[in-house]
Amino acid sequence: MTYIDGDQGILLYRGYPIEQLAEKCDFLEVCYLLLKSELPTGKEMQGFVKEVTYHTMVHDQLTNFYKGFRRDAHPMATIVAVVGALSAFYHHELDIRCPIDRNLSAIRLIAKMPTIVAMSHRYSTGMPFMYPQNRLGYVENFMHMMHATPCEDYVQNPVLVRAMDRIMILHADHEQNASTSTVRLAGSSGANPYACITSGIACLWGAAHGGANEAVLRMLEEIGHVSKIGEFIKRAKDKNDPFRLMGFGHRVYKNHDPRAKLMRNTCHEVLTELGLHDDPLFELALELERIALEDDYFIEKKLYPNVDFYSGIVMRALGIPTVMFTAIFAMARSVGWIAHWDEMISDKEQKIGRPRQLYKGPAKRDVIAISGR
């Protein structure tokens with residue numbers, strides 16, 4: 001469903017360039033595309049939005065799960081538990097061989113992830129849970145549940161809503177990465193979809209995968225000031241120095257990450273809208289970006305800023321705590337995971353996965369009784 005040409009910097013969802021999808025579609029259109037293989041017509045989109053909206057609420061008993069965690073628990077810990085628990089509430093519609101049940105599970109997951117993620121944030125901050133509003137769009141609903149209070153109306157900023165929508169589109173799928181492969185391997189055993197998605201969330205939690213944009217902000221905080229950029233650039237070029245510039249280069253892309261250009265534009269739109277260009281951290285990030293794009297060392301090694309460099313800056317500007325970054329990544333990627341899972345389960349020749357291994361241990365040997373060892 002996703003095609004990547006890392007040498008040419010190309011990313012396609014079902015054949016559509018990511019640049020066009022990010023400019024012309026919203027996140028739910030992309031969800032429909034990944035699930036159904038085609039972009040929806042107006043009538044199909046209307047029905048899909050209605051179906052997702054109908055399932056955004058979570059069972060009231062599910063809210064009790066949050067109360068079992070410490071307030072300072074990492075949001076990913078609560079999300080792993082709550083998403084896994086969904087199978088306990090919908091066990092009557094978990095026949096993975098039934099296309100109707102699979103579709104319903106996919107819709108429920110897409111619909112409930114923003115509610116679950118927002119509730120994780122609200123619980124950790126001691127704020128009351130905000131219920132989804134059917135009058136709001138998908139991303140608007142998420143931002144409402146994240147930031148609104150019962151005391152006053154929450155006014156949406158369309159520039160910020162579009163920025164979050166674009167973040168989610170750019171993270172919806174990315175071929176056979178670690179978490180997607182984990183979902184497929186778990187699903188190959190016949191496990192229910194919620195358990196499979198939970199395995200993907202747990203894998204994404206790793207710092208080498210979903211935590212990259214968090215690492216970017218930690219790096220910026222370590223650099224501290226624009227005047228120190230030269231010193232840290234020098235350290236990044238030193239192979240004997242453990243310091244690394246986070247958010248530059250990508251394992252897959254040997255050219256520009258096509259998502260990065262879109263995220264860069266979004267980053268500048270958000271900073272302009274909020275008047276944050278003079279904020280010390282954002283000023284530092286923009287200067288680091290400028291130097292890296294002009295430095296021969298980074299150009300030669302093709303260490304261009306990637307999507308994680310910009311997405312962390314954007315989410316910070318949107319008022320999202322750093323600890324929530326990976327949770328939002330999981331929310332966006334859930335549609336890709338469930339689409340891959342459905343694709344695999346639909347294959348009549350699908351069998352349980354069993355990665356091959358190369359045994360490098362001792363040759364055959366006999367057991368000696370403990371008294372003789």
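Predicted model: local features only at pLDDT ≥ 70, side-chain atom pairs only at ≥ 80, totals over all residues.

Residues are numbered from 1 along each chain as its sequence is written, and side-chain values use heavy atoms, with hydrogens and water left out.

Let's start with helix 3, which runs over residues 42-54; helices here are DSSP runs of H or I with at least four residues, numbered from the N terminus. Its buried residues are Met45, Phe48, Val52 and Thr53, where buried means under 20% relative accessible area and exposed over 50% (1.4 Å probe, protein chains only). Those buried residues pack against helix 2, helix 6 and helix 7. On the face turned away from that buried side, helix 3 carries the exposed Lys43, Gln46, Lys50 and Tyr54.

Now for a pair: helix 5 (residues 75-89) and helix 10 (residues 193-204) pack at an angle of about 165°, their axes 7 Å apart. Axes are lines fitted to C-alpha atoms over the stretch in contact, and angles run from 0 to 180 degrees between N-to-C directions. Met76 and Ile79 of helix 5 are among the residues making the contact, as are Tyr194 and Ile197 of helix 10; contact means heavy atoms within 4.5 Å.

Finally, find serine 105 in helix 6. Serine 105 is buried, at 3% relative accessible area. Beyond its neighbours within four places in sequence, serine 105 touches Glu93, Leu94, Pro193 and Tyr194.

Methods. Helix = DSSP H or I, 4+ residues; strand = E, 2+ residues; numbered from the N terminus. Expected span 1.5 Å × (residues − 1).
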